[in-house]
Amino acid sequence: MAIPTQEVSVSCALHNKDSFHPHVITTIHTHLQPPLNQSRSRCRLEMFYALPPSVFVDPNQIPNAWVFGETDLEAPLEHVKEKRGSLVILEANHVVDLPLHLRYQQPDSLETHRHITIEAPQVGWTCRTSPTPAWLLQNPLIPARYLADPRDTTFIPMSRSSGPLRITVPVGRSQDNTIVQVGTVLCVLLSSAWIGWAILKSLTRIRRYDAKGKRRRSE
């Protein structure tokens, strides 16, 4: 039997979308009441964000969320192990601010920017009464131990008024790889030389100070 959609509007918008740290603002335009014939004690309003591999969240910024899939905070896109991205589940409120981070893209000889599409979150009530929706059970990013008994759980989605969100991220030029590598080596060498010079200068001052102290004591 198909689970009906609760006729409540959910909208999404991107803030700071021109930076590497945009935010997805999700707004629920209704009172947070479970559907008819459902007890509040048995239901939980949740949001499910399916993120592509070019986008990730820092679990330390959202401690009350479940994050499945790719969680490496440092890897550029070409070194991401989980190519399907990640899934973020958190308890919903009237307004939810989800901070995102963009991964550095693999350099290219032609492209200067790439377009990333983020699907609007699936928002709805998870109630322990009847089967879990197939789209959630079949998501390979969620370990089975985190799913309730499918015979006792149902998900009643809210209608969405927002389409996919799109972000444009800059791409490095592969022609600049040699310049970047040489520049990096030069910076490391110059920094090391400066640190060595500073240490040598400090040691020289200490020796002079010790020598003056010895002369004063001998006098």
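UniProt positions are given in the numbering used here, and such annotations may be inferred rather than shown by experiment. In an unreviewed entry, UniProt places the feature "transmembrane region" at residues 179-200. In the predicted model examined here, the chain over residues 179-200 is 100% helix and 0% strand, with the end C-alpha atoms 31 Å apart.

The secondary structure of the protein chain amounts to two helices and 12 strands. Read from the N terminus, the elements follow the order β-β-β-β-β-β-β-β-β-β-α-β-β-α. Of the 219 residues in the protein chain, 35% are buried. Among contacts between residues at least 6 apart in sequence, 75% join residues at least 24 apart.

Helix α2 spans residues 177-218 and contains isoleucine 199. Isoleucine 199 counts as partly exposed because its relative accessibility is 49%.

Arginine 114 is located in strand β9, which covers residues 113-118. With a relative accessibility of 18%, arginine 114 counts as buried, because the cut-off for buried residues is under 20%. A polar atom of the arginine 114 side chain lies 3.1 Å from the backbone oxygen of glutamine 106. Apart from neighbours within four places in sequence, arginine 114 is in contact with Gln105, Gln106 and Asp108, and also with Ile167, Thr168, Val169 and Val171.

Conventions:
Residues numbered from 1 in each chain as written. Predicted model: local features only at pLDDT ≥ 70, side-chain atom pairs only at ≥ 80, totals over all residues. Heavy atoms only, no water. Helix = DSSP H or I, 4+ residues; strand = E, 2+ residues; numbered from the N terminus. Buried < 20%, exposed > 50% of the residue type's maximum accessible area, 1.4 Å probe, protein only. Polar contact = N/O pair within 3.5 Å; in protein donor to acceptor, adjacent residues only side chain to side chain. Contact = heavy atoms within 4.5 Å.
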